[in-house]
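Work through the exercises below with the sequence and the model open. Try each task before reading its solution.

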Amino acid sequence: MIRYPLDAPDIVDALGADLRAAGYTSDGIADLLGEEAGRALVSGVWWPALRQTRRAAPDRAPLATLIRLFLLGSTEPADDVAAALPGVGLVALVDQQVIEPADGGVRAVLDIRPHGSDDADRLVVADQDASMRPGAVAHDHVLGIGGASMSLAQAVIRTPFARALDLGTGCGVQALHMSSHCETIVATDTNARALALAAATARLNGLDWDLREGSLFEPVAGERFDLIVSNPPFVVGSGAQDYIYRDSGMAGDGISRSLIERIGEHLNPGGIAQILANWEVRDLDAWDDRVREWVQASGLDAWVVQRELADPISYVSLWVSDAGESVVDAAERGARWLDWFESEGIVAVGMGSITFRRPVEDRPADVVIEEITAAGQEVTGFEAQAFWARRDFLRENSDADLLASRLSTSPVFLETQALPGDDGWQQVSASVTRPGGPGAVLPVDEVLTSLLAGCRGQVPLAALISLLADFHGVDADALAAAAMPAIREAIGRGILYRAD
């Protein structure tokens, strides 16, 4: 029988006490490393942090040792590690597969690090990644905190939920964030090692999750939730399961399709689901065909945001380099992968997030699919919640209702583009942008620019349009009819809102 790390609760408790006693927290590490070395470490440059730990004062030696051991992948003298973790002891640390003997000292098997989770500082347990240990990662390797997991955590709506599901929990990052606003959390994974490390993550933080092993919705058959979050093994490939954290064992984008088409069966009315997904693209001009078909089949409201469209070489290179394989093995795997892409006619892979909502009432699903790739326009929980509120507002208010309303313009920038000509600069286009809002960009002309400037929550929209119509010598009703699609789009993108 396979034995997984940290299966002794008393050892987990002692480890947590030792780590916190040494100041192994986000603030403690930041203080020891300093701003510059800490920033370098976040960007992947480790040696300034190593330098800082070697210069630490004697009373901070335990913290310096722990930083080198768990965050820098250093082999440390056994006596130093024993001094840093006195409540656990070396024998228990080796037995619990936290560390292992190496080169006359000990090195970490696990990646244990502090993580700021909403309003609390937590500890997360995962496997050391390929940059910290020689050779390729194991088949059942458990990823730690990464860019994908953090982008999903940032996108999750943070209102209170009674019952939540973290599907494909890995080391428990999403469940950790959900613990701040969800009463009950069920977390599933096909990887037994991942569930073991998620259990350690939960216990180190005094949390209690219902952990279940199984694929997709099998562990929660017949159950419904108010919130479902999933960062699944969505990598598009031939169906081989080389590494559980990235490969589902389903060919192509089958895991994303299965998840999307079945997720509605497990949502309560009004429930929210937020997932990361990848989808095959066979026509660059119709990148949304497959994902549109899936979300429409789900019957749910859906906001699909494609954050990146990767060509086959870029996509395969990303995942081949991730596993730490030798140059020869990586080259061979990459070549086979590209051959498969070519045989399937896949010219790109769409990468993004999807926010679902199960309607409470019986009505057609509201589906929005868009590409938003600009930096600083990532989906956040606040923006996702506001997105649905705006969609509800537009559905519930007719054009006549909007014309009778007092609207205000959010803080926006007006950006114009012009070309030099015989008579000076000639404006060729203009747009308004709401900073930080994903996709919050609206092309404008002279009339719409004036209309937005006049929306200050003081007079009804119809009155503003009437004034503009008089100024330009056009019919007010015709101008209103022409302007309403842009007004609705401005409201949908959070550029306009009702002030009364």
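**Exercise 1. The whole chain**

What percentage of the 500 residues of the protein count as buried?

Solution. The model is predicted, so local features need pLDDT of at least 70 and side-chain atom pairs count only at pLDDT 80 or more, while totals for chains, interfaces and linings use all residues. Residues are numbered from 1 along each chain as its sequence is written, and side-chain values use heavy atoms, with hydrogens and water left out.

Step 1. Apply it: 50% of the 500 residues are buried.

**Exercise 2. The nonpolar cores**

Which residues have the most contacts inside the largest nonpolar core?

Solution. Step 1. A nonpolar core is a set of buried Ala, Val, Leu, Ile, Met, Phe, Trp, Tyr and Cys residues joined through side-chain atoms within 4.5 Å.

Step 1. The largest such core has 117 residues, and Y24, I354 and F356 have the most contacts inside it. Strand β9 (residues 267-281) gives this core its largest share, eight residues.

Step 2. A separate second core holds 27 residues, including L407, L468, A469 and A483.

Step 3. Look at Y24: leaving out residues up to four places away in sequence, its contacts (heavy atoms within 4.5 Å) include L19, I29, L63, F70 and L123.

Step 4. As background, nonpolar side chains in soluble globular proteins tend to be buried together.

**Exercise 3. Aromatic pairs**

How many aromatic pairs does a search of the whole structure find?

Solution. Step 1. Rings of Phe, Tyr and Trp (its six-membered ring) pair if their centres lie within 6.5 Å; planes under 30 degrees apart count as stacked, over 60 as edge-to-face and the rest as tilted.

Step 1. The search finds seven pairs. In one of them, W303 and F387 are stacked, at 4.0 Å centre to centre with 5 degrees between the planes.

Step 2. W303 is in strand β10 (residues 301-310) and F387 is in helix α14 (residues 381-396), so the pair ties together parts 84 residues apart in sequence. W303 is buried at 2% relative accessible area, and F387 is buried at 5%.

Step 3. Y315 and F341 have ring centres 6.1 Å apart and planes at 45 degrees, so this pair is tilted. Y315 belongs to helix α12 (residues 312-322) and F341 to helix α13 (residues 327-344), 26 residues apart. Both Y315 and F341 are buried.

Step 4. W303, F387 and W388 form one aromatic cluster.

**Exercise 4. Two helices**

At roughly what angle do the axes of helix α2 and helix α3 cross?

Solution. Step 1. Axes are lines fitted to C-alpha atoms, for helices over the stretch in contact, and angles run from 0 to 180 degrees between N-to-C directions.

Step 1. The axes of α2 (residues 26-42) and α3 (residues 47-54) come within 8 Å and cross at roughly 160 degrees. That makes the two helices roughly antiparallel (under 35 degrees is roughly parallel, over 145 roughly antiparallel, 65 to 115 roughly perpendicular, the rest oblique).

Step 2. The contact involves L32, L33, A37, A40 and L41 of α2, with P48, A49, Q52 and T53 of α3.

Definitions and conventions. Buried means under 20% relative accessible area, exposed over 50%, partly exposed in between (1.4 Å probe, protein chains only). Helices (H or I, at least four residues) and strands (E, at least two) are DSSP runs, numbered from the N terminus.
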